[in-house]
Amino acid sequence: MQDSSISLISKTIVSVEQLRKSLTHEGVSLTILHDISFEIKNGESVAIVGCSGSGKSTLLGLLAGLDTPTAGRVSINGEDIFSLDEDGRAALRGRNMGFVFQSFQLLPMLTALENVMLPLELLGGQDARSRALSILERVGLGHRVAHYPRQLSGGEQQRVAIARAFVTEPALLLADEPTGNLDSATGATVIELLFALNRERGTTLILVTHDTALAQRCGRILHLDAGGLVVSA
Amino acid sequence: MRLALRLLVREWRAGELRLLFGALLVAIAAITTVSFFTNRVQLALNTQTNQLLAADLVLIADHPIAAAFSHRAETAGLRLAQTLAFPSMVVQGQRNQFVEVKAVSRAYPLRGDLNISKVLFGQGEVQANGPVPGTAWADVRLMQLMGLQVGDEITLGQARLKLGAVIDREPDRAGDFFNIAPRLMIHIDDIPRTQLIQPGSRIGYRLLIAGDEKPVAAFRAWATQHLGRGERIEGIGDARPEIRAAMERAQRYLGLAALVSAILAAVAVALAGRQYLARHLDSCAVLRCLGASQATLFRLYVVQFVLLGLSASLLGGLVGLGGQAFLAEMLRGRIVADLPAPSLWPLVEGTFIGLLLLLAFVLPPLLHLIRVPTLRVMRRDMGPPQQRGILAYALAALLVAAVLIYRAGEINLGMYVLGGLLGVVLTGSLFAWMLLLLLAGLRRHARGVWFYGLANVARRRAASLTQILGFALGLMALLLLTLVRNDLLTSWQSALPIDAPNRFLINIQPNQLPALRQFFQQEKLPAPKFYPMIRGRLVMINDRPVRAEDYAEDRTKRLVEREFNLSWAEQARKDYEIKAGRWWRVTDAQDQFSVEEGLAKALNIHLGDRLVYDIAGTQVNGRVTSLRKVAWDSMQVNFFVIAPPALLQKQPGNYITSFHLPIGQEAVLNDMLRQFPNFTVIDVAAIIHDVRLIMERVSDAVSFVFLFTLLAGLVVLYAAVLATRNERLYEAAVMRTLGARSRQLAAAQWIEFATLGILSGVLAASGASFSTWVLAEQVLHLPYTFNAWVWVIGVVGGAIGITAAGLMATRSVLRVPPLGVLRALQ
């Protein structure tokens, strides 16, 4: 067990080189990220913190390939994601990444179970239903699988989102303010769940947060200030 | 594919598809109901009008008709009957009477029934066939003239026949308008016994044909090519122009109704599709985030839409089938005794149109949708990508246009209405945009609820614009249908008022006029107007002799060969419509003619031409100074050519009049004929009755189709409001969270919907007025009357309808706690 985790840690999963993002608005160029570089090893948990407007969400979006940078490279498992086209990145996400968002982003017309099954179905998996049921059981929602998002509380919705993120057993899990829309008690349960699953499945976790308590639980904190990396501990 | 199906089932369960499905369903149900129904009504009306011909088609000849024709018709599975008609003398004892004999075969009449009685003025009975061999039937006039009783023996030529019944009504009798002699009807097998058919006898032979529409049309096409000398073929349209005009207008109207139902369907589907895609923007972003490629997304949605479209269209088609059956049941006996069974074609057609409309309206936006920035999952303010792909939209527009033109069943009608729609969309966009700008300015000065109401309209200009246009198009289509329907009904009603003349009196000598006037006075009948009638042959146009062989059309040839009825008058009658030139004044030169425009066209006569008439050996000439339009179906006395009094007054002639004889006063005619034995009475009461019946039934059909389309339109308006319901709910919830009271919210919504309604109404009314004008002038050939009510109805109806539909669709805003709404729409 110990040996395997060491061997996992030794491998770089995310590599960021000279990443820059600028926007031009009404003729004024605004740089949101200034040539950032860092690496994340397999199985690590990393918090990206910083005040509003520091560029942390932009960074996360770039790591996920949801947005394109002005300059620089992001490699996932050694693959330069911006050398792929939009559909290539989508396929890469489907295979390697799970997402948890501040606003949950469950599809309103699907039940909890169907939401969790969706990524597996997109990958063409056979046992989508049983796998989704088992992970919903794991997040403590075994009794609410047939409910629609609007019938679930915020905490429950976020647990469904977590189940959806883990169901494909991704190598990398990206979370954007996962507790941002939840009260502190509910937020705490969600965080417990996130870290528990992270440990159980050996997933690499990158999360963006305001919540210092949450950040402290991560193995490493990347501090962003005005688009630059301040401390890399 | 399987995933698409699963997603479709899931979305269906979640109620996500209800609006789109519902809109499609209603749209297709409306289309197919109207299709099915108009299809059946048209079939029924054709059958009904053909009763006036006693057949669907008649082959007419002045000699026995070649067996080839009947052989051909029989092999095509058509039903046949023969008649022949000739003038002869009936003898009973010392009395004899000149009659028009009609000998009919067993199958006569093929369409319609004979009405006969056993005693004069007795209780009539319906008879499907004519007299059996050895018997004869006489019409009321013959019975009266000869004092006959049913059961009497009469002699016709060499044959003795027993009088079997009195004919009250003969379906195709109306065809011979100036048939003067009374009728005697016998069986065709008795003809040899009469020995009346001799070489040189003037006999009209008719071959009556009836059957299904297609074989009849095919037979007509074949027969037309094989007609010999003295043979012609007539359908109802040829025989009865007044019926043809009414039927053509009715068919165009039904086409218009079909078109409007398709427009409503298109609007409904477009609005619902837009809402569906807007709601799926987030889903698309999430799916992309979860690793779906654009191609996967496109496939997923297209498969879903096709499945959805197919099922909704099929179901809508079935609802339509049920709907029309219900309509038909309601109309049983009102339109026609029995509507023929509908063909299943409208079901196929409806399904196809539904699918086409859905894909046309949904695919282009879908192409944008799947390019949604994936980053939207993190930043909700990232909207859909910029609208691109003009080509996809142009293609969709073309498809929809093709569907609409196809629905209209006539290029002209379709093009005019499409033009109107396009006009409304273009000018409407411009107009609405300017109005919205104005509103945006206004709201700065508005306070309180007015501010929020107007702000809602003005804030999302593009969204409001779409809604206004959607509403306006729906409203316009409905207004158009209403207007045209009214014009149609009015024109029919005014063509044949209840007291329209039903008897013509001809051969009145000038010196009998005072006595006849006195007679009318005594009988308490309104004094009729007497028209001088002078018979003359047109011999020259501009010094060029008029010869029948110079004209191509048979009808024109016949017209030239016979004598014209000319008349003179000082004043133009009120219903004369002068299309060119002007009516004469007393001070003018008196050598003038006013010519009916149809005749002028047929004979190639122009304003300023000099015409020469030969009247009893005297040549009379004059210049054409006006062209008149004459309403032939008004049952008034009409003349092709009229001159000022001075030109014709001196010529020998007699008088003609038409008058309305109330039902039950027929005995007056007998008194009149006793006092003035030289008169001839022509009875057109039966014709008028038939024409009016047909018009009434067509009006009924038109009204019912209209009502149903109207209903569909209202559902569409509701769907349109429902389409923006969620946005409204969300905004209202936010407002309430910020402390807005229910009353304020309600007032703001009220103002918003009413504003949308009024703007749509103004647009719709302008579009409808314009299109009606064009349609009346170009397609339906009706006089256009400006109708101020359109504006009132459009604006007030738009405001009330849209406000009501809007408030109904968003009433939950004021009931549901804001948190519930916020969470549900999160």
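Reader: How do the axes of helix 6 and helix 7 of chain A cross?

Author: Two packed helices are described by the angle between their axes and the distance between the axes. In this predicted model, where local features need pLDDT of at least 70, side-chain atom pairs count only at pLDDT 80 or more, and totals for chains, interfaces and linings use all residues, the axes of helix 6 (residues 154–166) and helix 7 (residues 184–201) of chain A come within 10 Å and cross at roughly 15°. Axes are lines fitted to C-alpha atoms, for helices over the stretch in contact, with angles from 0 to 180 degrees between N-to-C directions; helices (H or I, at least four residues) and strands (E, at least two) are DSSP runs, numbered from the N terminus. Helix 6 and helix 7 of chain A are therefore roughly parallel (angles under 35 degrees). Residues are numbered from 1 along each chain as its sequence is written, and chains are lettered from A in the order in which they are written.

Reader: Which strands pair with strand 10 of chain B?

Author: Two strands pair if DSSP finds at least two bridges between them. Strand 1 (residues 57–61) of chain B runs antiparallel to strand 10 of chain B, joined by 5 bridges, with Ala61(B) opposite Tyr205(B); strand 2 (residues 79–92) of chain B pairs with strand 10 in the antiparallel sense over 7 bridges, and Ala81(B) stands opposite Leu208(B).

Reader: Is strand 10 of chain B mostly covered or mostly uncovered?

Author: A residue is buried if 20 or more other C-beta atoms, placed from the backbone, lie within 10 Å of its own. Strand 10 (residues 204–210) of chain B is mostly covered, with 5 of its 7 residues buried.

Notes: Buried ≥ 20, exposed ≤ 12 C-beta atoms within 10 Å, placed from the backbone. Parallel < 35°, antiparallel > 145°, perpendicular 65-115°, else oblique.
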